Amino acid sequence: MSSFKQKLLNAPYAFWSFVFVAIPLLMVVYYTFTDKGGAFTFENLKILLDKKYISVFAYSIWYAFLATVICLVIAYPLSYIISKMKSVFQDTLMVLIMLPMWINLLIVTFSWKEILSNNGIINSLFEAIGIGKVEMLGTSFAVVLGMVYCFLPFMILPILSSMQKLDKSLIEASEDLGATKINVIKRVIVPLTLPGVISGITMVFVPSISTFYISQKLGNGMIILIGDLIERQFSVSANYNVGAAISLVMMILILISVAVMNRFADDNDKGGA
Amino acid sequence: MSNKKNILELKNITVSFDGEKILDDISLSISDKEFVTLLGPSGCGKTTTLRIIAGFLEPDSGDVFFDGEIINSLPANKRNVNTIFQRYALFPHLNVYENIAFGLKVKKVPKEEIKQRVKEMLKLVNLEGFEKRSISKLSGGQQQRVAIARAVINKPKILLLDEPLAALDLKLRKDMQTELKNIQRTLGITFIFVTHDQEEALSMSDKVVVMNEGKIQHIGTPQDIYNEPVNAFVADFIGESNIIDGVMLDDFKVKIEGVTLQCLDKGFKPNEAVDVVIRPEDVDIVHREKGLITGVVTSVTFLGVHYEIIVDVNGFKWMIQTTDESKVGDKVGLLIEPDAIHIMKKSKYSGLYGDYSSFSDEIDEISNPDFGFKED
């Protein structure tokens, strides 16, 4: 194929990327460094050094971190168990894991809001057995729970796929060489599935740190994350400049964390499975 | 043989997968320091036998004895046995040193001792200076050496080798055969070697176990199984052979192609139908009148050391290897000495092998690792 033809085929994609990715990003940068009148300024970023904003950033990172760790703790052993099952069960469980992904995130979040509410199914149960109502909505527990529920599949799938790709003869070889079950996991399975873990972590951490819907609905307005801040700047205060500045800072935070993760993956993935 | 100690014994081992019998009543004794080869076509159960010895698989019935003790359900990591896997199964995330040291590390051997022993191993397999090399940057032959070092560093009593040379090219395979044999002598341990390559089996082993369809067909020294195969399958699988229907008239007298020949076998019923094996190199082509049997030459192939000549005798095609040239279409006589004739009892393999009518196909099948039952 001639290079002209190739370029022609690339054109729609290039056009799409330019209009819907590059221009919006440039606009974010433009708004960040201008005031309402369009004059150049650092003010929008300076505002973010305020304690109020710093604490929102810190909380967002903390909650995303918690959700990621919990997802990992659930997903890793689960993937290990699934990968050892017969392929019929593996396929069935894969569908069950992916099912929540097919349901709109808003609906899932709303359902959790109902379940956790004061008149929800859990509190009704608590009351029936005499524990009494427990306020759950608006707690960090509810927010992290929502994140874990919504993003768990993104942790399981890459880990599971790296477990399934793992050459079984490597496990046999390590047993043959005298390794106990724990040693096999520690010295062979974990290092060889690390690339899956890294991509799982990235895929849970990034949406968790930027979510606003989960924190709004399950946080009941008590918990404000970066996503909420951005949403408010645009829809409530109509302050595009500060909103853009927060977005930019968040993007940089995500970029840094992804870069760190990938660096970590490169160091450990010698040769791959 | 009887004064030697049996290090490993399999007694009536049976294994089935999904109702299909993979191993059917396998019994086998292996002495200390012996080089034993499990030989057979793919699917014959040789790898399954190896997996039972290694501890990756428990037999459905039967017992595995190691040094006189039953070890049926002893897990692989507690057995004094190490394996060299078919595709080596080297750890891709570890370098050469770490791969070889793996077995000692998990057993918490002191660091200094590990260093020392890895060094010795690298010397044994001629890979000094490769410590830091990544596995993916090694050639097939080098990976093979790392696999050997990684296994024998644990000082196993038995080393299991699952078609270790199958992935190497011919030249390298020959070199590794010699090297493996040397390593076995140096270490003085038992090798159990799995292969589908009969030449490899004959040249390396003290004892060959020929397997087919989950059963042991023949156990013996390379000379035994070549000179005195028990049935048509073994005769055909080991080397080239003409297998002709015959009738045992009396002790030392067998009739084939309407001719009575002298032989060295006895103990058959009078007029018992038998399979007669005659190796291609044991037949002489002589003048028509001097031959015991007569036929027509249908193909002549020059192979350097000798000619490979196909002679049609009443529709049955004999393969003959001789240094004398013949021409296609020659009417020739065949001369067979009594000691060249080996008589076998009829078995379920009778009539399936030993005719060279489809000569070129046969060559392909034997050099093909998936060689199975494709007789036509």
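Tutor: Start with buried area: the accessible area (1.4 Å probe) that two parts lose on being put together, summed over both. Here the model is predicted, so local features need pLDDT of at least 70, side-chain atom pairs count only at pLDDT 80 or more, and totals for chains, interfaces and linings use all residues. Side-chain values use heavy atoms, without hydrogens and water.

Student: How much area do chain A and chain B bury between them?

Tutor: About 1800 Å², with 59% of it on carbon and sulfur atoms. On the chain A side, Asp176(A), Leu177(A) and Arg187(A) supply 38% of the area buried against chain B, more than any other three residues.

Student: How many residues of each chain are in contact?

Tutor: Contact means heavy atoms within 4.5 Å. By that rule, 19 residues of chain A touch 22 residues of chain B.

Student: Which residues form the salt bridge?

Tutor: The term covers a side-chain nitrogen of Lys or Arg within 4 Å of a carboxyl oxygen of Asp or Glu. The count between the two chains is 1. Arg51(B) pairs with Glu172(A), and the closest N and O atoms are 2.7 Å apart.

Student: How many residue pairs are in polar contact between chain A and chain B?

Tutor: A polar contact is a pair of N or O atoms within 3.5 Å; within protein, one must be able to donate a hydrogen and the other to accept it, and residues adjacent in sequence count only if both atoms are side-chain atoms. Between chain A and chain B there are 7 such residue pairs, both residues at pLDDT 80 or more.

Student: Which elements of chain A give two or more residues to the side that touches chain B?

Tutor: Elements are DSSP runs numbered from the N terminus: helices (H or I, at least four residues) and strands (E, at least two). Helix H8 (168–176) and helix H9 (181–210) of chain A are the ones. H8(A) gives the most, with 7 residues.

Student: Now the empty space. How is it found?

Tutor: Rolling a probe the size of a water molecule over the atoms shows where empty space is left. On a 1 Å grid over the protein atoms alone, a cavity is a set of points where a 1.4 Å probe fits but cannot get out. The whole structure has 1 cavity of 30 Å³ or more. The volume of the largest cavity is about 60 Å³.

Student: What lines the largest cavity?

Tutor: Lining residues have an atom within 4 Å of a point. Among them are Tyr80(A), Met163(A), Leu166(A) and Ile189(A). H3(A) provides the largest share, 3 residues. By class, the lining has 5 nonpolar, 1 polar and 2 charged residues.

How values were computed: Residues are numbered from 1 along each chain as its sequence is written. Chains are lettered from A and ligands numbered from 1 in the order in which they are written. On a 1 Å grid over the protein atoms alone, a cavity is a set of points where a 1.4 Å probe fits but cannot get out, and a pocket is an open set with protein on both sides within 12 Å along at least five of seven lines; lining residues have an atom within 4 Å of a point. Grid points are joined across faces, edges and corners, and a volume is the space filled by probe spheres set on the points. Ala, Val, Leu, Ile, Met, Phe, Trp, Tyr, Cys and Pro count as nonpolar, Asp, Glu, Lys and Arg as charged, and the others, Gly among them, as polar.
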